[in-house]
Amino acid sequence: MSKYENQITIFTDYLEEFPDTDELVWILGKQHLLRTGGTGPSSDAGWGCMLRCGQMMLAQALICRHLGRDWNWEKQKEQPKEYQRILQCFLDRKDCCYSIHQMAQMGVGEGKSIGEWFGPNTVAQVLKKLALFDEWNSLAVYVSMDNTVVIEDIKKMCCVLPVGAHTADESPPDSLPASSQGKGPSATCPAWKPLLLIVPLRLGINQINPVYIEAFKECFKMPQSLGALGGKPNNAYYFIGFLGDELIFLDPHTTQTFVDTEESGIVDDETFHCLQSPQRMSILNLDPSVALGFFCKEEKDFDNWCSLVQKEILKENLRMFELVQKHPSHWPPFVPPAKPEVTTTGAEFIDSTEHLEDFDLEEDFEILSV
């Protein structure tokens with residue numbers, strides 16, 4: 001997690017009198033970073049696998065957002081500038097918007113101490129909140145509640161007026177006229193904010209209920225698919241597809257050293273990609289707590305996704321999740337999430353837990369431990 005993680009400082013107990021500074025301190029021929037020494041974990045081994053899986057799902061969404069779903073990485077080939085900028089979002093540095101540091105710190109607002117294992121819903125909630133500070137990627141992150149996706153709410157979140165289309169005396173972009181909110185897939189928005197849709201689910205009690213298997217597999221066939229977060233008890237994987245009754249997944253459980261930008265601003269990206277072939281596991285061995293991911297760059301993508309869900313998911317008697325047109329009347333009113341008022345911009349603001357009180361806690365869907 002840190003460039004200095006191998007410099008195990010033995011001076012932790014004596015540093016209280018030292019100033020809080022980013023400057024290096026030299027002691028007996030070795031350099032030490034005061035902010036790093038003794039301030040927290042130097043590795044995410046044993047607790048960070050679900051956070052890494054969340055990073056993988058989000059990274060796939062950003063690739064679709066900027067480079068297109070058909071783009072493929074080729075080793076030792078010059079990459080687009082957008083690709084390098086995407087990598088910058090995930091570096092293991094405190095000032096990167098989707099770093100392990102930012103995800104762990106934001107998890108405190110979800111009731112998870114730093115170093116504590118996350119479940120798929122917790123990661124989804126963390127990504128939703130961090131995305132509010134990410135102006136470049138400009139994603140609308142919707143996390144479904146109570147196994148229900150509400151079309152009206154997503155349209156309200158993603159439909160924005162073009163810049164300059166309103167004055168200061170008029171309604172803000174999130175407050176669209178009633179005639180343009182809550183319509184079916186045929187309604188069109190003035191402009192569409194790219195959507196990362198995450199659906200946390202519980203597909204059984206102690207193990208996955210076989211009645212959900214076919215619907216679960218259908219989700220990987222959808223062109224909007226970002227796969228699924230899940231795994232086994234306290235062992236998270238990023239599921240990207242299936243073969244027969246086996247799920248194909250990427251395993252984050254390979255500890256690697258910290259990678260930073262070079263002087264040129266380029267990131268040595270080889271370790272950000274698969275160093276071994278994807279693995280497979282029987283779908284029946286999947287823990288029932290999962291989170292499906294989908295990316296809809298344009299409104300027509302979301303409309304198409306709604307049609308596919310109605311055709312392939314809602315046809316089942318025991319549905320994996322629900323897709324409804326209107327916001328349920330017994331739910332609290334839907335308010336699109338907004339960035340809290342803070343004195344700085346970007347992810348670097350999350351230096352402590354004092355700002356996390358601006359966020360509401362939501363129920364966790366955790367992978368069961370045995």
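These legends go with close-up views of a predicted model. Local features need pLDDT of at least 70 and side-chain atom pairs count only at pLDDT 80 or more, while totals for chains, interfaces and linings use all residues. Numbering starts from 1 along each chain as its sequence is written, and side-chain values use heavy atoms, with hydrogens and water left out.

**View 1. Strand S7 and its two partners.** Helices (H or I, at least four residues) and strands (E, at least two) are DSSP runs, numbered from the N terminus. S7 covers residues 195-202, and seven of its eight residues are buried, so the rest of the structure largely encloses it. Buried here means under 20% relative accessible area (1.4 Å probe, protein chains only). Strands pair if DSSP finds at least two bridges between them. S3 (residues 140-143) runs parallel to S7, joined by four bridges, whereas S12 (residues 289-296) pairs with S7 in the antiparallel sense over eight bridges.

**View 2. Zooming in on Ile198.** This S7 residue is the bridge partner of Val143, and Gly293 in S12 is the bridge partner of Ile198. Leaving aside neighbours within four places in sequence, Ile198 also has contacts (heavy atoms within 4.5 Å) that include Ala124, Leu127, Tyr142 and Leu292.

**View 3. The largest nonpolar core.** A core is a set of buried Ala, Val, Leu, Ile, Met, Phe, Trp, Tyr and Cys residues joined through side-chain atoms within 4.5 Å. This one has 50 residues, and Ile198 is among those with the most contacts inside it, as are Met50 and Phe90. Helix H1 (residues 49-66) gives the most, with 11 residues.

**View 4. Helix H2.** Within residues 81-89, Tyr83, Gln84, Ile86, Leu87 and Cys89 are buried. H1 is part of what covers them.
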